[in-house]
Amino acid sequence: MINRSALVVYLLIFASGVDADHASEQVQAWLERMHVGNNTLSFDGTFVYSRDNSISAMRIVRSVTDSGVRERLVSLGGNGREVIRDKDSVVCILPDRETVVVEKGRPKSEFPPKFPMKIGKLEAYYEFYVDEDVKERVAGQPTALITITPKDSFRYGYRLWVDRKTGLLLKSRLLDGGQSPVEQFMFTQIEYLDKVPEELLQPAVDGKEFAWYEADGGAASLAKAAGKAWEFSGMPPGFDLDVQRAHNLARSKNPADHLVLSDGLASVSVFIENHDEDDTNLIGGSRMGAINAYGREMNGYHVTAVGEVPQAAVKLISESVRYKNSTQ
Amino acid sequence: MMNKDKRELLSAVFDGEDLPDDELFSLLKNDSELQSRWQRYQITRSAMRGEMPETLVADMCTRVSAAIAKEDVVVFAPPKRRRSVNARALGKQAAGMAIAATIATVAVLNVQTTGRVDNVVEPQQIALVPAATPVVASVVAQDLRTVNSPMSTGVQTRLNGYIVNHNEFSSRAGMQGIPAYTRIVATTPGEFVANDQ
């Protein structure tokens, strides 16, 4: 069910938090426990996902071993879409479009990943509350409910139902400023596994007849090529640059600089490409469920901010991107 | 009118297309299959609005599971020209449980919905009915529709490419709140709409 070496590491971390009396330490412990569950458990489950006016059913199979995580996410609806991923690549099989999109050059990160959140820092921007004895069962499992409420309009709120026994996130609700759900997901069935049968991780479709698009991370940075560096003149409070990389986008093959900003909980990606004189650049705001995007042209480049944050956050971030002359 | 056309018309009406009552009545009056389908649409809509009693939801789950157990379930609707389907595809039991549970969840999620109900609407449709989606040689969600204002296919495609890349890093930097790549796999492809806030 769980990768043993990873479990030992995490139990040591978790044990230090369990005894804490302070509320924030209790929250920290539960979030860490959720992180453990999401990164060390092997399981086979079915869940539903809803956004706006639509609902989808999916099956997820995850295998965690000493060599890393493998996962298969597959639609139970008519489109037959699947995403297969391991430590090296992400393969999106889209039978309804007769297309396969492959992303290689995934970021090399340690396994299991470190728990990224520090409640002490986050408490400046969110309020946290845990109900360890909530009566609601999800997929038959008793849960604890973590409620995270933003203190400003640059973030969403979260309600997270976590399996009390394993720490796996079983249900979540992302809430806007009016406490209305913008996205929800919920397991309807979950089976924890000691070992995942190989066939459950194999795609149902080989996609040989489909059009394949592949990308890797071998692109040269646009900023470096121009002797410049990107900077942000103003961001929502608490957001910092977490990752910066150069990347070829799968379909266009256009090189893009990809910067990831995070407040420790929510994250926003900023993509900077050479500005194309066509109609494929987003100008202004756009939304899909909890994802907001905002794009603009900037001196021959196109800047698009995308993330699970309200429109105000992606707009501010997109408009604050500047470049400065680099010393390199 | 062919049965398939009737079903599509019924679905369109349910999605909000205008059809006079007498024409709707004519469509339904001599077709028990369509009547049954219409009833299922209504039940599902009620479920999505959270207007169903729990006992009815539970009962419906039981009946859906039983009905699926009797069918030769094709778990994935085969798209056109799909040539190689892995025999190890998901099993009948899993599909039945998923669908039945989904219906219950539609109710308990208490989704705020006012309009289109075009997926996971009808239990059988999830697993038994081949997709009627036209095959388009494009990527990810190149056919993404816009609702509030026009947005070009190129913009939609580009945004979906961004989401694939963003997914990888957002879970590392913080917390997505849903399993990674769910938005890509969602039955209805991602649907970016203009937002001029």
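1. Ser63(A) touches Ser42(A), Gly68(A), Val69(A), Arg70(A), Val196(A) and Leu201(A), leaving aside residues up to four places away in sequence. In this predicted model, Ser63(A) belongs to strand S2 of chain A. Its relative accessible area is 9%, so Ser63(A) counts as buried, the limit being under 20%. The C-alpha atoms of Ser63(A) and Asp44(A) lie 8.8 Å apart, and the two residues are separated by 19 positions in sequence.

2. Strand S2 of chain A (residues 54–65) pairs with S1(A) through nine bridges, in the antiparallel sense. The two strands form a hairpin with two residues between them. Within that turn, Asp52(A) has a positive phi of about 45°.

3. Strand S1 (residues 43–51) has nine of its nine residues buried, so the rest of the structure largely encloses it.

4. Both sides of S1(A) deserve attention. Phe43(A), Gly45(A), Phe47(A), Tyr49(A) and Arg51(A) point one way. Asp44(A), Thr46(A), Val48(A) and Ser50(A) point the other way, and all of the residues in both sets are buried.

5. Strand S7 of chain A (residues 126–131) presents another arrangement. Tyr126(A), Phe128(A) and Val130(A) point to one face and are buried. S7(A) runs antiparallel to strand S9 of chain A (residues 141–150), and six bridges join them. One of the residues involved is Tyr129(A), whose bridge partner in S9(A) is Thr147(A).

6. Which residues touch the most other members of the largest nonpolar core? They are Leu31(A), Ile148(A), Phe187(A) and Val270(A), in a core of 89 residues. S12(A) gives the most to this core, with six residues. Domain 1 (9–213) and domain 2 (221–323) of chain A both supply residues, so the core lies between them.

7. Ala139(A), in the loop between strand S8 (137–138) and S9, has a phi near 50°, a positive value in a residue other than glycine. At 22% relative accessibility, Ala139(A) counts as partly exposed. Asn299(A) is located in the loop between strand S19 (291–298) and strand S20 (301–307). Its phi is positive, at about 50°, although Asn299(A) is not a glycine. Asn299(A) has a relative accessible area of 60% and is exposed.

8. For chain A as a whole, there are five helices and 21 strands. Of its 328 residues, 61% count as buried. Considering contacts between residues at least 6 apart in sequence, 54% join residues at least 24 apart. The accessible surface of chain A is about 12600 Å², and carbon and sulfur atoms account for 48% of that surface.

9. Chain B has eight helices and one strand, in the order α-α-α-α-α-α-α-α-β along the sequence. It has 197 residues, of which 50% are buried. For contacts in chain B between residues at least 6 apart in sequence, 67% join residues at least 24 apart. The accessible surface of chain B comes to about 9400 Å², with 51% belonging to carbon and sulfur atoms.

Definitions and conventions
Residues numbered from 1 in each chain as written. Chains lettered and ligands numbered in written order. Predicted model: local features only at pLDDT ≥ 70, side-chain atom pairs only at ≥ 80, totals over all residues. Heavy atoms only, no water. Helix = DSSP H or I, 4+ residues; strand = E, 2+ residues; numbered from the N terminus. Buried < 20%, exposed > 50% of the residue type's maximum accessible area, 1.4 Å probe, protein only. Contact = heavy atoms within 4.5 Å. Areas by Shrake-Rupley, 256 points an atom, 1.4 Å probe, with all protein chains shown as cover. Pairing = 2+ DSSP bridges. Core = buried A, V, L, I, M, F, W, Y, C linked by side-chain atoms within 4.5 Å. Domains from an automatic or database assignment.
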